[in-house]
Amino acid sequence: MNQGTLFRRLTLPGILVSLALLLSLLERMLPLDLLFPVPGLRLGLPNIVTLFALWALPLGTALAVVVVRCLLGAFFGGSLSALIFSLAGGLLALAVMAALLPFEGEKLSIAGVSVAGAAAHNLGQLFAARFVMGTWSVFAYLPFLLAGSLVTGLATGLAFSAMRPALSRVPALQPLLREKRNSTK
Amino acid sequence: MSLRRDGAARPNAAVEQDQKRRFRSFGLRIGDLLLMAGLLVAAGIAWGMRSNGAETAAVAVVSIEGERVRQIALEAESDGMHTFTDRGVTYTLEISESRVRMAQIDCPDHICIKTGWADRQTPIVCMPNRLVIELEGEGS
């Protein structure tokens, strides 16, 4: 493997996984539940990493980043049910954002993609909760989670769109971004 | 000469205005706004679909991992703190005037405690302990 391949297939995904884990640790310290005590409502900072992965990396690598992040997150401080929650939310959010990202342009911005991803994440978590808890009554929290994903998705989406101009000038990312542009054309 | 200057000035002004407009709207586009409006409508529909019932309930049902482990007859139970242990989970409920809330449980976020008193529409959910408290039946 030459250095470029090593960077895009191992180093960069590895950095992204650790960054996502760090962000999920960070958001656990944020007292968001003091304002909105809704089970499962999080700011979703790791979503910024998923957005970046979808933007700069092939879909398969982005998928690997999400799955490894969920596995390691459960391994370090979670349980089996935490793994089910984060996988269901993370994968559904990835799928929805991957489907919407090609439409980003004049009519849709990255913030909208992120809001849809946040809503999908919360919906996925609720379905996981339905199976773990064994009762549909958890869907009583759906309106709060949907309204909440509007705020959290907007926050993470705007954060990424603020960072993207600087990120797109990073020299090491140039070959990746060129490749991504060619593959979507 | 003046033609060329005009030709150069016009697109620049348009670009500048566009950037200003985008900055003011955080770069949001029509699709974003439609998506967010749709999400709010969906939240409203989900709110309307939450089961409506009597405000008071006869029994509180505690489930852990989908299994009913305890039924508490709220009107028969004395007011105050009640500590139970089911399937290895120890939790304390406060019962007062046929209402119930989570008072103490071992979990990292304590969201179920912050939820406050349970009502017919909102069950108490403790995700880390896979515990749900639902209200059933009609109180007198």
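In what order do the 3 strands of the open sheet in chain B run? They go 3-4-5, with antiparallel pairing. These legends describe a predicted model, in which local features need pLDDT of at least 70, side-chain atom pairs count only at pLDDT 80 or more, and totals for chains, interfaces and linings use all residues. Residues are numbered from 1 along each chain as its sequence is written, while chains are lettered from A and ligands numbered from 1 in the order in which they are written.

**View 1. The open sheet 3-4-5 of chain B.** Strands here are DSSP runs of E with at least two residues, helices are runs of H or I with at least four residues, and both are numbered from the N terminus. Two strands pair if DSSP finds at least two bridges between them. Strand 3 (80-86) and strand 5 sit at the edges with a single partner strand each, so one side of each has no neighbour in the sheet. From one strand to the next, the twist averages 30°, taken between axes that are lines fitted to C-alpha atoms (for helices, over the stretch in contact), with angles running from 0 to 180 degrees between N-to-C directions. Strands 3 and 4 of chain B pair over 7 bridges, and B:Thr83 has B:Thr92 in strand 4 as its bridge partner.

**View 2. The hairpin of strands 4 and 5 in chain B.** Strand 4 (residues 89-96) and strand 5 (residues 99-105) pair in the antiparallel sense over 6 bridges. Look for B:Ile95, which stands opposite B:Val100 in strand 5. The hairpin has 2 residues between the strands, and B:Glu97 takes a positive phi near 50°.

**View 3. The open sheet 2-1-7-6 of chain B.** This one has 4 strands, again with antiparallel pairing. Ignoring direction, neighbouring strands are turned by 20° against each other on average.

**View 4. B:Pro123, in the loop between helix 3 and strand 6 of chain B.** Is this proline, B:Pro123, buried or exposed? B:Pro123 counts as buried because 24 other C-beta atoms lie within 10 Å (buried means 20 or more such atoms within 10 Å, exposed 12 or fewer, partly exposed in between, with C-beta atoms placed from the backbone). Leaving aside neighbours within four places in sequence, the contacts of B:Pro123 include A:Ser137 and A:Ala140 from chain A, plus B:Val132 and B:Ile133. A contact here means that the C-beta atoms, placed from the backbone, lie within 7 Å.

**View 5. Where chain B touches chain A.** The contact takes 31 residues from chain B and 29 residues from chain A. On the chain B side, helix 2 (30-49), helix 3 (111-115) and strand 7 (131-136) are the elements giving two or more residues. Helix 2 of chain B gives the most, with 11 residues. By class, the chain B side has 16 nonpolar, 7 polar and 8 charged residues (Ala, Val, Leu, Ile, Met, Phe, Trp, Tyr, Cys and Pro count as nonpolar; Asp, Glu, Lys and Arg as charged; the others, Gly among them, as polar).

How values were computed: Two residues are in contact if their C-beta atoms, placed from the backbone, lie within 7 Å.
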